[in-house]
Amino acid sequence: MNFWPGFYSLQGAWFLLLLIPLIVFYFLKLKRPHQRVPSLALWNQVINDRRVNSPFQKFKRSILLLLQILLLLFLVLALMQPYIQSGAERAEYLPILIDCSASMAATDPQTKKTRLELAKERVGELIDNMLPDQRISLVAVGATARRLTDFTDNQRVLKKSLATLEVDDVPSQLEDALRMTQALSRTAPIKSVLFYSDGNFPKEIDFELPFELNYQLLPPAGANLGITSMNARVNQAGNWDVFLRIENSKQGDSPAVVELFQDGQSVAREDILLGPGDSQRLEFAINAEGTSRLKAVLTPGATDSLSADNEAFLTLPQSRDLLVYVDPELSSYRYALDDSKDLLLYPQPDQDSLPPEFDLVISGAEKDMDRESLVKLGVGFVPEDLQKYIKLEPELTNVVDWNRSSTLLRHVELSDVQITQQPVLTKNSGVENLEELGYEVLIHGKLGPLLLQKRNSADQEFYFLFNTDRSTLPYRVGFPIMVSNLVQLTLQEAGIAETQAAATPILPAIEFQPEQEYQITTPEGKRLTAESDANGVLSGVAALHVGTYQINGAGAKDSEISVSLLNPLETSLVSVEEMQFSEVPVSASQSQIDSDKPLWSEFALIAFFLLLLEWWYFQRKPSGIPT
């Protein structure tokens, strides 16, 4: 800090020339009090003063003139806009990025201030200390970057925008904010960027810094305990198993009570104790015949700095049988599904009609892939859009490799499977051609793919490019396991066997009527508008806060979705003290940055008090005059 002041407007010193007329006017107007006296014999000294009346005598004991000179000096100093120099380089255009993620709502156990409130105070000080040539732009960093103000020197506009800043229950996307700032640098000379955060974001950021980043790390908050996941699954008895994940931050031990409510009634309660950085998985058994609403409540027994992750909501769907269509020619699949419970198999000899929609379709005819279904499995043919890239040849082949992490192939061994049909990639064709059409290879053969997967907006499609009945696959132990995986996958897609709590920042996709407009009311009372696609799926709706979202529209009167889970990183309150960019590390600073301190307001205030003092001195009665 340089205590020798600087002046932003030195041209204001020209107003010091006003001292000349001030003193001249004082010479021309020497005001003396008039009094009646019986004789002038005793007032010779006064007469001599009037005759001599030299300039230096006029200055003698003139308090009023001194006050006027001081008043003018301080007014001119205020006009010159002095400031205390910080010694740091002053940026004329300064973007300030403010983290608004969920962890910024964490409070300090002593001051009870949130991290965002502390960031607002520090940014407010910078706004107060702005000099006339400085411009500041405020950017909120949440699920996306949001520019609050343009570059401006209007302190009122900056303070108003800063006051409206609120926490979103989402992780922060710093990379988006930096890219926005990079775009701003094309219109303004940006040399440095200021970033206020609690450090709760990934350490490595894929971005090349074209400017200097000043990372201001806020002091850590207190300990925190929260619910990071909640899901439920149907067990073999037909009941629901509910699973909760509770995680603790690294600040210390945290006791708590977890209570589970079903349709407003308490059905389970458990006491837990987690050490620093520990997590615990809880399991509860629930009996629900129809649709049921669950609520998990976490009550910490010690300091808890974040309350948004202490509740979780989950809706158990109405159970029903799966509707499965299996081509009568695929006897191996029908045989594997005969013993499966909770499904209705079509077609049957005594059935006259078929339902309009299915949950699962397995067929060796491509025309059956047009049936409405959540999951489809084509067997023994190449889809029409791939026939120019793949052809079938009547040759023996076997499996070279397969995707073991795929849901369909989990715990399935395929190394000894022999196949009598060989899919072959045509000349100048490759896997990249299949990927361009949205296909993913799950099983690789010698000369081409054997099993493909395609994810659509409304369904999932799988294609065995060879006829599985003309292979040894149906005689392997892995075949019934694969069919069971297919059924489980269908149950998940139908939301029957497994469901999980919704989390920020996006509402889960919901199926309503196609191409209709819907109104969504957020927990804060804001109204959003979204339109369903051609399949009736409403998706991509932002959910920036935990709470209940109400949906109104065609076929969705008073529908509700409860969003309750945060990103586990937000609950952990982990702070990153060094960010790693492309070969450039940026370390955090926990001390408030120095900024130039304007002094013009102080000088103006002193001038105001001098004006009051001069007014009092001028209005007072001279000594010796009777009241």
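Predicted model: local features only at pLDDT ≥ 70, side-chain atom pairs only at ≥ 80, totals over all residues.
The cavity search returns 1 cavity of 30 Å³ or more. A cavity here is a set of points, on a 1 Å grid over the protein atoms alone, where a 1.4 Å probe fits but cannot get out. Grid points are joined across faces, edges and corners, and a volume is the space filled by probe spheres set on the points.

Residues are numbered from 1 along each chain as its sequence is written, and side-chain values use heavy atoms, with hydrogens and water left out.

Which residues line the largest cavity? They are Ser103, Ala106, Arg115, Asp198, Pro219, Pro220, Ala221, Leu573 and Ser575, where a lining residue has an atom within 4 Å of a point. The lining divides into 5 nonpolar, 2 polar and 2 charged residues. In this scheme Ala, Val, Leu, Ile, Met, Phe, Trp, Tyr, Cys and Pro count as nonpolar, Asp, Glu, Lys and Arg as charged, and the others, Gly among them, as polar.

Arg115 leads us to helix α5, residues 115-128. Helices (H or I, at least four residues) and strands (E, at least two) are DSSP runs, numbered from the N terminus. The expected span of a helix is 1.5 Å times one less than its number of residues. For the 14 residues of α5 that gives 20 Å, and the end C-alpha atoms are 20 Å apart, in agreement. Several residues of α5 are buried, including Arg115, Leu118, Arg122 and Ile127; buried means under 20% relative accessible area, exposed over 50%, and partly exposed in between, with a 1.4 Å probe and protein chains only. The buried residues of α5 pack against β3 (93-99), β4 (135-141), α6 (155-163), β6 (192-197) and β7 (212-217), contact being heavy atoms within 4.5 Å.

I turn now to the backbone. Most residues other than glycine have a negative phi, and most peptide bonds are trans. The bond from Tyr346 to Pro347, however, is cis, with omega near -10°, and Pro347 lies in the loop between β16 (343-346) and β17 (357-363). The bond from Thr504 to Pro505 is also cis, with omega near 10°; Pro505 is in the loop between β28 (502-503) and β29 (510-511).

Asn428, not a glycine, has a positive phi of about 65°. Is Asn428 buried or exposed? Its relative accessible area is 74%, so Asn428 is exposed. Glu515 likewise has a positive phi, of about 50°, and lies in the loop between β29 and β30 (517-521). Glu515 counts as exposed, at 53% relative accessibility.

Strand β30 brings us to the last topic, an open sheet of 5 strands with mixed pairing, in the order β28-β34-β33-β30-β31. Its edge strands are β28 and β31 (527-531), each pairing on one side only. Two strands pair if DSSP finds at least two bridges between them. β30 pairs with β33 (547-553) in the antiparallel sense over 4 bridges, and with β31, also antiparallel, over 5 bridges. Ile520 stands opposite Leu528 in β31, and its bridge partner in β33 is Ile551. β30 and β31 form a hairpin with 5 residues between them; in the turn, Gly525 has a positive phi of about 95°.

Terms used: 1 Å grid on protein atoms, 1.4 Å probe; cavity = no way out; pocket = protein on both sides within 12 Å on 5 of 7 lines; lining within 4 Å.
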